[in-house]
Amino acid sequence: MNVAYDLHIHSSLSPCADNDMTPNNIVNMSILKGLDVIAITDHNSCANVQAIVNCAKNTSLLVIPGIEIETAEEIHVICLFSDMERAAEMQKLVYSRLPDIKNKEEIFGEQLIFDEKDNLISKESRLLLTAADITINEVFDIVNNELNGIAIPAHIDRQANSIISSFGTIPEDIDVKCVEISDRNTESTIISNLIKLNRTKRIYSSDAHYLWDIHEREYFVEVESLTITNVIKTLGVSK
Amino acid sequence: MYIDDLIAVIDGKLLTQKVKNAVKIENVYICDLLSWVMSHAQKGDAWITVLTNVNVPAVAMLTDVACVIIPEGIDVEELTLRKANENEITIISTKYSAFEICKKIIKSMDNN
């Protein structure tokens, strides 16, 4: 079956995301848009994922636990996990590598943690919008090999925080199985320069920071049945 | 050294609005990893970076640097300049490289 996805959505935990990105708003907007599967990928944290997973229970929408890790090289990597436990394990490691900088809400925005009924539970006080002291190689190794998830370089066509803007290429020693493109219009210029990408799976996600940015039913992956494991598995298979 | 002096010394161009209060430049800091700058730049530094995205004024605010210098004639995005103006961050561009900028600043200090 072909399932409609958007695998890069921020909740209000990301300081740069709108405070309206609450569990119920994200889940209901995604259903309204006709999506089958989404991933919640806040900067360096998965603290809102459980609430959003709970919120989507008894609906048609599948929610994949994720984190958008900012590596030591300031590259953004979407990490998707088969369950909350593995996501939490990765978050624990990332938190241990984040610098001790407090969030300044007036500069970066609020970092809000909600429960599944959209009640504000707490605010994350440390700044999530910065690089953790963990290399991209380490992220790929741990996520792909130890935690059976998948690490996907985010928005590789952007000028900031992308593997290509940082390295100028996709290094040979990183086992990239899938890349995320943020803008189909710039895709051809990126791809033509990188022969390696011809065989790499490409996905198109919104990087939504506002409800209206969440993708329509536009992009699909083929899976046997709609489970998190199947989606992760299909993303890991070359074209 | 104040912003006006710096602009003269490095043949710079002020890309943002002139800030009302005179800001004194105490030192120079060069780095292009924003996360590193966040935890190492000091108040009063003139921060030289080739980065021009909208996170630059945010980091400048967080660290309280005196100004941002964009070297080698690199263009700066409109959004970045708008954010900088909203928050009274000074951004200066110059055709010189980071090394040449430092040489000019040191030379001007020796002359005084």
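Mentor: Before we count anything: helices and strands here are DSSP runs, a helix needing at least four residues and a strand at least two. Keep in mind that this is a predicted model.

Trainee: Fine. With that rule, how many helices and strands does chain B have?

Mentor: Five helices and five strands. Read from the N terminus on, chain B goes α-β-β-α-β-α-β-α-β-α.

Trainee: And how do I judge whether chain B is as compact as a globular protein of that length?

Mentor: You set the radius of gyration against what the globule rule gives for the chain length. For chain B the radius is 13 Å, and the rule gives 13 Å for 112 residues, so chain B is as compact as a globular protein of that length. Its C-alpha trace spans about 35 × 25 × 25 Å along the principal axes.

Trainee: Now chain A. What is its secondary structure?

Mentor: Chain A comes to eight helices and ten strands. Here the radius of gyration is 16 Å, close to the 18 Å from the globule rule for 239 residues, so chain A too is as compact as a globular protein of its length. Along the principal axes, its C-alpha trace covers about 50 × 40 × 35 Å.

Trainee: Which domain does UniProt list for chain A?

Mentor: An unreviewed UniProt entry lists "domain: Polymerase/histidinol phosphatase N-terminal" for residues 5-73 of chain A. Treat that with some care, as annotations may be inferred rather than shown by experiment. In the model, residues 5-73 are 25% helix and 30% strand, with the end C-alpha atoms 28 Å apart.

Trainee: On to the interface. How much area do chain A and chain B bury between them?

Mentor: Buried area is what the two parts lose in accessible area on being put together, summed over both. For chain A and chain B that is about 940 Å², with 68% of it on carbon and sulfur atoms. By class, the side of chain A touching chain B has eight nonpolar, two polar and three charged residues. The contact draws 13 residues from chain A and twelve from chain B.

Conventions: Residues are numbered from 1 along each chain as its sequence is written. Chains are lettered from A and ligands numbered from 1 in the order in which they are written. This is a predicted model: local features need pLDDT of at least 70, side-chain atom pairs count only at pLDDT 80 or more; totals for chains, interfaces and linings use all residues. Side-chain values use heavy atoms; hydrogens and water are left out. Contact means heavy atoms within 4.5 Å. Buried area is the accessible area (1.4 Å probe) that two parts lose on being put together, summed over both. Ala, Val, Leu, Ile, Met, Phe, Trp, Tyr, Cys and Pro count as nonpolar, Asp, Glu, Lys and Arg as charged, and the others, Gly among them, as polar. The radius of gyration is taken over C-alpha atoms; the globule rule is 2.2 Å times the number of residues to the power 0.38.
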